Amino acid sequence: MTILEADLTPATLKQDMDRLFFKKKLLNFAVPALILVYMGYVFVAFDMAGLWQRVSWQNAQTLVSDTYSYKTHVTRDNRDGSVSVAIEGERKGAYPEGDSPAWVSLGETAGAETAIDLENGHLVRFGAESIEYDIPGYGLVRATPTRAKGVQAELPAGDVPDWISVSKNRLAIKTDAGRLTVTRNRAEVFRYFNGWELFFFTLDSPYHGLSIGEVLTRAATGEAGAILNDFWNNKMWRHRDVAWAIAETLLMAFLGTIGAGIVALPLAFIAARNFSPFGPLRFVARRFFDFLRGVDSLIWTVVLARAFGPGPLTGALAILVTDTGTFGKIFSEALENVDEKQIEGIASTGAKPAQRYRFGVIPQITPVLLSQLLYFLESNTRSATIIGAITGGGIGLLLTQAIITQKDWEEVAYYIVLIILMVMMMDWLSGWLRRRLIKGEGGKTKRKARADGKAFLLP
Amino acid sequence: MADLTAAPLTTADIRAQYGEMTRRKRLYGGIILVVFVALMMAGFRTADGRNAGSFYDGITHVFDYPNEVLAEASEKVTELPGHLVNFFPALIETLNIAAASTLVGLVFGTLLSLLSTRGMAPWPRLIPLFRRIMDICRAIPEIVIALVLIFLLGGGPVPAMIAIAIHTAGALGKLFSEVNENASLKPVEGLESVGSSWGQRMWLGVIPQVGPNYVSYALLRFEINIRASAILGFVGAGGIGYELKNAMSWGQGRYDEAAAIFLLLFITIVVVDQISSGMRDRLIHGAKA
Amino acid sequence: MLRIDKLTKRFGDKIAVDAATLDIDKPCMIGVIGRSGAGKSTLLRMINRLSDASEGRILFEDREITGLRGNAKRAWQSDCAMIFQQFNLVPRMDVVSNVLHGTLNRRSTFATMFNLFPMDDIHRAIDILDRLGIAEHAAKRAEALSGGQQQRVAIARALMQDPKIILADEPIASLDPMNAQTVMEALRRIHEEDGRTVIANLHTLDTARRYCDRVIGMRDGRIVFDGLPEQLTTGVAREIYGADASFSEAATSTEIDTLDATIRAEMAEA
Amino acid sequence: MLRIDKLTKRFGDKIAVDAATLDIDKPCMIGVIGRSGAGKSTLLRMINRLSDASEGRILFEDREITGLRGNAKRAWQSDCAMIFQQFNLVPRMDVVSNVLHGTLNRRSTFATMFNLFPMDDIHRAIDILDRLGIAEHAAKRAEALSGGQQQRVAIARALMQDPKIILADEPIASLDPMNAQTVMEALRRIHEEDGRTVIANLHTLDTARRYCDRVIGMRDGRIVFDGLPEQLTTGVAREIYGADASFSEAATSTEIDTLDATIRAEMAEA
Amino acid sequence: EEITQFRIGLLGGENAQDRLNNNECLRAKTEELLGVETKLFAPADYNGVIQGLLGGTLDMAWLGASGYAKTYLSDPEAVEPILVKVNEDGGYGYYSVGFARADSGITSLEDMQGKVFGFGDPNSTSGFLIPSIEIPEITGATMTSGDYFGEVKFSGGHEQTIVGVNNGDFDGGVTWADGLGNWEDGYNSGALRRAVDAGLVDMNDLVQIWQSKPIPEGPIVLRKDLPEDVKVKFTALMASLPSMDPECAYGVLSGEAKGVMPIGHDAYQAIIEARKLKSN
Ligand SMILES: Nc1ncnc2c1ncn2[C@@H]1O[C@H](COP(=O)(O)OP(=O)(O)OP(=O)(O)O)[C@@H](O)[C@H]1O
Ligand SMILES: Nc1ncnc2c1ncn2[C@@H]1O[C@H](COP(=O)(O)OP(=O)(O)OP(=O)(O)O)[C@@H](O)[C@H]1O
Ligand SMILES: [Mg+2]
Ligand SMILES: [Mg+2]
């Protein structure tokens, strides 16, 4: 029942298929092999093997532990014997003179003994002459700093463990309970605690250390303003500045995106084939868009910073310029796809050109316009974070500076959480607005648009 | 000849209803317009106020910086070819970062999208989890991951690559899962009935259907990633962005270098943009045929 | 009233309308027939000035239309409404707004930019819609309506222009027979009640015969027939359509009665 | 050989298959008939383990199938080929590759990802295609084939599995009569020549009568008839289909002869 | 002419917010003194401040010596130096310090041959300009990658250099210090001291491998176009700050200082020449 052409016997077919599958195999191997070779090349070019050795686990540990913990410094000035206690060692986290947390018992007079309880038996004493650290399971370490002879350390007999680092002028001990550093000038104890200390109120606020209930009752009795003020102006966490930074970032994204939309719309008409009869002008407009996009927001930021100086306006303008290029391209493509029938219908009533655009064109491109604007509003929130890091504005600057100066990882964590929340909120908001504003266009039309492959990608 | 409807509305009713609707629309439209304009104005004024230079003073100086750069670059135009050669390796590094992160992002994006599409996911109950993972990957700006990784791994291309790859995986994953939703599940069921594994079903049943779309989106992403990797160079991740930042911040005296680097970057972005949009057109139309 | 004088339209080498001459001296309903590509649409589009004539003149009440420019041209367009086969409405806007577009020429550009139309116009639009039997859809989006309803919205827009002439380019070609009948009856009524001239391109003979006072036949751009519907014999029709003996009128019919007849005939044949 | 014991499937409140019990002791060709929604597809899908049973058991050669998981389940699926109404091929891949998919269960995931099928398998695939008369299309994409050819590719894929049972879910429902006949004949030949058990859902009585050794009737999820084709009288059929007197067998026929007869009958009626 | 606002630019080295906080008192005093709105700006890097001064969008800043040179070279009419910080020892200089990891065995520049060397910001005097001139004098080779050092990189800032060396990304690097106090404390002030205070590095792990000649402290500059009375008033304010409000001066001048003293353009002529040398 098989009807085969003369030269298509199963035998020749098999040969053909063998060849076909051989080719397929080749292709199937060639593509992944090429990718693999490329990745191999990248691996070598990026020195990934060496990377593994360079990974700094210690940094990772610092980073991770610092994001959820804080340290309190107890510092003795070896020259005058004065002792100060400060959270994170910062002035704004310092305990008032003569005041200290319960685990530090200050001497009555300057130079008197100070005992620092690091718990679990770890005890540090700042004596008149020497500093002692009693380490359970190891023994007592004594260090005597002098101007002339440096730091003289007395350790229990035996090898020096690797968590103790001794040199002529310096002694450093790191244990699970805390850290002690002694140099000729200073002796310093760090004790670590979990949590984001002083997140709500700093030490100088009367509300520091109160429970939520207490704060609420005080708020109810008319101190709400003061409480909010103390929280808002918290010197350690600077909630007000952070809120402003977030607002600046959102402002850059908003002004930049909407401004770009407003500028790009009329320009897009010049670049659209069906609205701009003059070829060379169209060409110029298109290359202009390419130029704006190609230069990239990063470089626009630098260029504009000279004219406008640091600040959110510069960032907004950089976004505006870049996105004018992007929107110009998208809008002109949308304009080229408009349905001529509607425009003709309006034209046949004797409508003026502006009216033709208003009723024949605008209603058609509104959905594209709005959805693209909203998409970019969301993605520009991210861009604004980065641009802010360059122009000096917004949460991006706070974040990059906090990372670069490499302390305060808890603030880094705080900013990162805020940024993620901000971007996700904008994502959700833009999605919600898109659904609300373009509801005439049901799911079906949306699908169709996507099937055309016209869907434009957002950065 | 009038249409038969259940509710016999008189013209007066319709007039009243429509009039009411128009008035409401105009009111809302007016309010929205006013609010929008007010928001724009207030936003502009706030930004202007918090900026060092004001918009009106600055607008006349927009070309100062480009002029300065161009003046020096044109003065030393003979050195331009040499600079172009010098900085080419840095450009290659930037392109490598973009390409490698796009590839890695493509792989993870594909996996995430398959894991979070109904009908394809091997563990349907975990779909929301994978969706959230994609959302978070997308939400973190690359610069954040890059800076943290630079702290851990030291400067260089790898932190940038990982940072961009994470973002790419999230962004592509979302787009791919939309593509997947339009794919037919019949071949998948056909393959399931012969006792194939999940990997085989996806590779042989889904990927051939969605492949062209995937590649098209990945190309677009590659374009975006070139910019991203250039930007990350600015914060210490190597490549052309690093060179550009150094030349630009040195300023006078090295503007010729800055111009050369800028030229390289600009040409690359435009060329890749053109090539990839050509390829995307072919892919999508080829897929349709 | 309307005089067309040696009107010609060329598209490159192709002559779409070839020295068409026509004289309409009193308001009447005119059907233009001819096969696809005969130049019917081109003729109407030149009258409405959607496209420019290559040669010849159009005169309306002794005023030359062909040369008008700018405002004068738009004023003429507002006097000469056009109805399209594909309705050419703005689908995303509501029905009344679409009808109000008929007044655009009279209103200031600025007010219309913000969609501000006088209440009076809105009421008149609703009255017109009511007259066409679709007032209850006033607030819906145009795209939500059926083809026949959309075409009636288009007619309402034309009426809103309060035009001296209504041009209709195959107004019923994309409608089913039921809707086609409604639309043609509406056009006829407008002609009879308002005394407006209606020129309609039609692709079926029987529609032309049934609703028109005068029928014009076009072939290859030339007007080859101009007379009363009764003069339109099958022989003449074959001439116009350039059809061979297999030409059957019923095949082009949209009339419901005729349609039934066709079905019966086919069944009988079987 | 295959025993189905009180097999039940619920979708929420809806019972799709209701305590179906069936015993197949020797290889034979079985037709399952019943109207739309009777539960035919659900039954086959449970046997192939594409969906899980709510209650009851399926035993194959005294091994319980219903509880298999992971690899064991996939191994069973490879022993029990399934043919779908919509073919469920991979449209963008070539015919031979589609047939080779029948061997997926035996090959490692990694090898198949790189298209590493042994030469022997490729040759066997071509032999099978040749047996089904579509060898010359071997290199074409599946989507380029007609429905009947695609269904034969699906059968080839099933044969490639070298299964103990072939399940076919309305294999000819989307085919024209000509193609339907070719496909049914192919299935019958496979049963006769290879001695494989074939269970086919069919929506026409005469197909069942003509090709099957045994017919099972389902109604509302229950098996209401199980017997020889000859026992399938019009009365019994009415019972199964729950049809009233207007039930005419010819209306469901796909047989070419019958079809011709139907047309003739209809013409005569007119 | 009149000014409507006064804008102060702050150079990097600390958290943007810390910088703003430290200078808030100066802002308030200036606002009170000049009677116009005064704002603080903390751009991301040295160049941000310089561009602000060049573009006329900032009125005052405390620049580094190299930064001043850049500003001067780009536009001699942009800014003029008014004051310089005087250290507690009476000098107005600090040092560029080369350092490496102790366990790497590197103790001098000779040991750095073929190794990776890290600069900070290109506009930093101690992080780039001075070492890039003085080190070649010792090594007798250029600072081009592969010439003497295996590779020469910019870390982007002092903090990144320190962490980079500590992590082994660079075998050696340069940063700034006041040269007072002890190495094991990271000196009395400077980038090393901040890193120690932050608990990032243990000075026992690091060794000094090089130290520059004293580098002049950067000038406090004012925009030249400012009205004369504004210049005079602001200079007076800055000059009296250490005596009037030591707390505020501590923040503004980044640590203990004896005071400020007037300085002119000529003091930076050498740095300007050095910078010209480094341009191509
Ligand atoms: N814009 C144009 N460019 C070139 N040729 C055109 C154009 N518009 C119409 N033509 C040509 O002019 C001729 C007349 O077209 P016209 O649309 O007027 O015919 P018609 O009688 O309306 O036909 P139909 O029944 O198909 O609408 C046709 O041959 C057509 O190809
Ligand atoms: N996934 C499902 N979810 C809910 N109900 C289902 C599902 N699949 C099938 N059903 C229901 O189960 C019943 C049996 O369906 P089944 O597809 O097995 O019938 P069938 O006999 O194959 O019908 P047909 O001839 O239409 O294919 C039907 O009522 C159907 O609605
Ligand atoms: Mg036409
Ligand atoms: Mg079924």
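How do the residues of the shell around ligand 2 divide into nonpolar, polar and charged?

1. In this predicted model, the shell around ligand 2 divides into three nonpolar, five polar and four charged residues. The residues that surround ligand 2 include D:F11, D:R35, D:S41 and D:T42.

2. Polar atoms of the protein approach oxygen atoms of ligand 2 at several points: a polar side-chain atom of D:E170 lies 2.9 Å from one such oxygen, a polar backbone atom of D:G39 is 3.0 Å from an oxygen of the ligand, and a polar side-chain atom of D:K14 lies 3.3 Å from an oxygen of the ligand. Of the 640 Å² of accessible area that ligand 2 has on its own, the protein covers 59%. Two or more residues of the shell come from each of β2 (14-24) and α1 (40-47) of chain D, and α1(D) gives the most, with three.

3. Over all chains the structure holds one disulfide, formed by E:C25 and E:C248 with their sulfur atoms 2.0 Å apart. The link is right-handed, with 90° about the S-S bond. Because E:C25 lies in helix α1 (residues 16-34) of chain E and E:C248 in helix α8 (residues 246-252) of chain E, the pair ties together parts that are 223 residues apart in sequence. E:C25 counts as partly exposed at 25% relative accessibility, whereas E:C248, at 3%, counts as buried.

4. C:C28 is buried, with a relative accessible area of 5%.

How values were computed. Residues numbered from 1 in each chain as written. Chains lettered and ligands numbered in written order. Predicted model: local features only at pLDDT ≥ 70, side-chain atom pairs only at ≥ 80, totals over all residues. Heavy atoms only, no water. Near = heavy atom within 4 Å. Polar contact = N/O pair within 3.5 Å; in protein donor to acceptor, adjacent residues only side chain to side chain. Areas by Shrake-Rupley, 256 points an atom, 1.4 Å probe, with all protein chains shown as cover. Helix = DSSP H or I, 4+ residues; strand = E, 2+ residues; numbered from the N terminus. Nonpolar A, V, L, I, M, F, W, Y, C, P; charged D, E, K, R; others polar. Disulfide = S-S within 2.5 Å. Buried < 20%, exposed > 50% of the residue type's maximum accessible area, 1.4 Å probe, protein only.
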